[in-house]
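Please look through the sequence and the 3D structure before reading on, and keep both at hand while you work through the points below.

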Amino acid sequence: AKNLGRNRYEFFTQNLQSEIITQKRTADELLTAIEEQQFVTWYQPQFCANSMKLTGVEALVRWRHPHRGILAPDAFLGIAEDLNVTATLDQIVLETVLKDQMRWAAAGIDVPKVSVNVSSKRLKDEGLIETLKTLQITPGRISFELIESIFLDESEDGVTANLDRIKALGIDIEIDDFGTGHTSIVSLLKLRPKRLKIDRQLVMPILESRQELTLVRAIIDIAKSLGVETVAEGVETMQHAKVLRDMGCDLLQGYAFSRPLPYENFSTMAMAGFRQ
Ligand code: C2E
Ligand code: CA
Ligand code: CA
């Protein structure tokens, strides 16, 4: 038994070691990837729950790794954070989105708005507002998705002031992953976001669990009474879509409609009107 324990220990340290080596390699490669522009922006459509019309997209970053193929954010965002480059990544994504918006306009494809994810690092960046002012952002066509925890952070007043400046530039604010963190109605009242996104952890179980169903309904009702739009994420089936629509949810996003797609594939689908 003693031997087995020891083997297990060696197995564990070996795994840990190779994990550390992979992380270190990924970290080196990530910096090269920024220089060599290996990051791409994919788009996942959102639809009006009533009309089923395309209302916008969420921009989601992907790493086109030279050997490992397309990598989702889970594989590299943590490392990017350690390297202090998440704000850089967010800026790369935003610039790509602005270029893609021009391409859609030129091609006659109507994508009403694009939501981009903004890390708390970037939101606290002192140069953020100045950087945003240098970009060609059409008012009402870009929104920033911020996770709730940002609003509960230390420098709350600083964050609120920055949010007001962002709104003044015509950028809408959305609260991401609503319902999972320390959800605070007070932060909703204070920040007056344009939309809130109900987290997929709450949305996915609504057909089986009365508890989540009740919670999602309550969130939609509160948002409505405050004049805040709701977006459900992780809408995986049309049955989910129907239940959410009946509860008054405004916008729907999820695999029931489409996975995130590269620019070309998304544009083709958008041109065809996303008819299934
Ligand atoms: P998120 O903001 O919650 O984005 C939604 C995630 O849910 C996406 O994962 C999307 O592919 C996935 N998803 C969409 N519909 C469904 C569905 O019906 N079922 C299920 N199971 N999943 C669905 P993705 O693209 O892997 O992104 C993961 C996270 O990485 C995002 O979560 C966001 O927090 C972060 N992220 C993505 N792009 C960026 C970025 O440009 N900047 C920053 N700072 N973070 C980003
Ligand atoms: Ca998001
Ligand atoms: Ca989410």
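This briefing goes through a metal site, a strand residue, a helix and a ligand site in turn. The model is predicted, and the points below should be read with that in mind.

**The calcium site**

- The calcium ion (ligand 2) is held by four residues, namely Glu58 through OE, Asn117 through OD1, Glu145 through OE and Asp176 through OD, at 2.1 to 2.4 Å.
- Read along the chain, these donors follow the spacing E-x58-N-x27-E-x30-D.
- Distant parts of the chain are linked in this way, since Glu58 belongs to strand β2 (residues 54-65) and Asp176 to strand β6 (residues 172-178), with 118 residues separating the pair.
- Glu58 counts as buried because its relative accessible area is 6%, which is under the 20% cut-off, and Asp176 is likewise buried, with a relative accessible area of 6%.

**Ser115 in strand β4**

- Ser115 is part of strand β4, which covers residues 114-117, and Ser115 is buried, with a relative accessible area of 0%.
- Its side chain makes a polar contact with the side chain of Ser143, at a distance of 3.0 Å.
- Leaving aside residues up to four places away in sequence, Ser115 touches Val57, Glu58, Ala59, Ser143, Glu145 and Glu174; Glu58 and Glu145 in this list also coordinate the calcium ion (ligand 2).

**Helix α11**

- In helix α11 (residues 238-246), the buried residues are His240, Ala241 and Leu244.
- These three residues lie on the same side of α11, because they cover an arc of only 100° around the axis.
- Just after α11, Gly248 adopts a positive phi of about 95°.

**The site of ligand 1**

- For Tyr255, a backbone N or O atom lies 2.8 Å from an oxygen atom of ligand 1.
- On its own ligand 1 has 810 Å² of accessible area, and the protein covers 85% of this.

Methods. Residues are numbered from 1 along each chain as its sequence is written. Chains are lettered from A and ligands numbered from 1 in the order in which they are written. This is a predicted model: local features need pLDDT of at least 70, side-chain atom pairs count only at pLDDT 80 or more; totals for chains, interfaces and linings use all residues. Side-chain values use heavy atoms; hydrogens and water are left out. Donors are N, O and S atoms within 2.8 Å of the metal (3.2 Å for Na, K and Ca); water is not among the atoms, so sites may look incomplete. Helices (H or I, at least four residues) and strands (E, at least two) are DSSP runs, numbered from the N terminus. Buried means under 20% relative accessible area, exposed over 50%, partly exposed in between (1.4 Å probe, protein chains only). A polar contact is a pair of N or O atoms within 3.5 Å; within protein, one must be able to donate a hydrogen and the other to accept it, and residues adjacent in sequence count only if both atoms are side-chain atoms. Contact means heavy atoms within 4.5 Å. The arc is that of the directions from the helix axis to the C-beta atoms. Accessible areas come from the Shrake-Rupley method with a 1.4 Å probe; for residues, only the protein chains shown count as cover.
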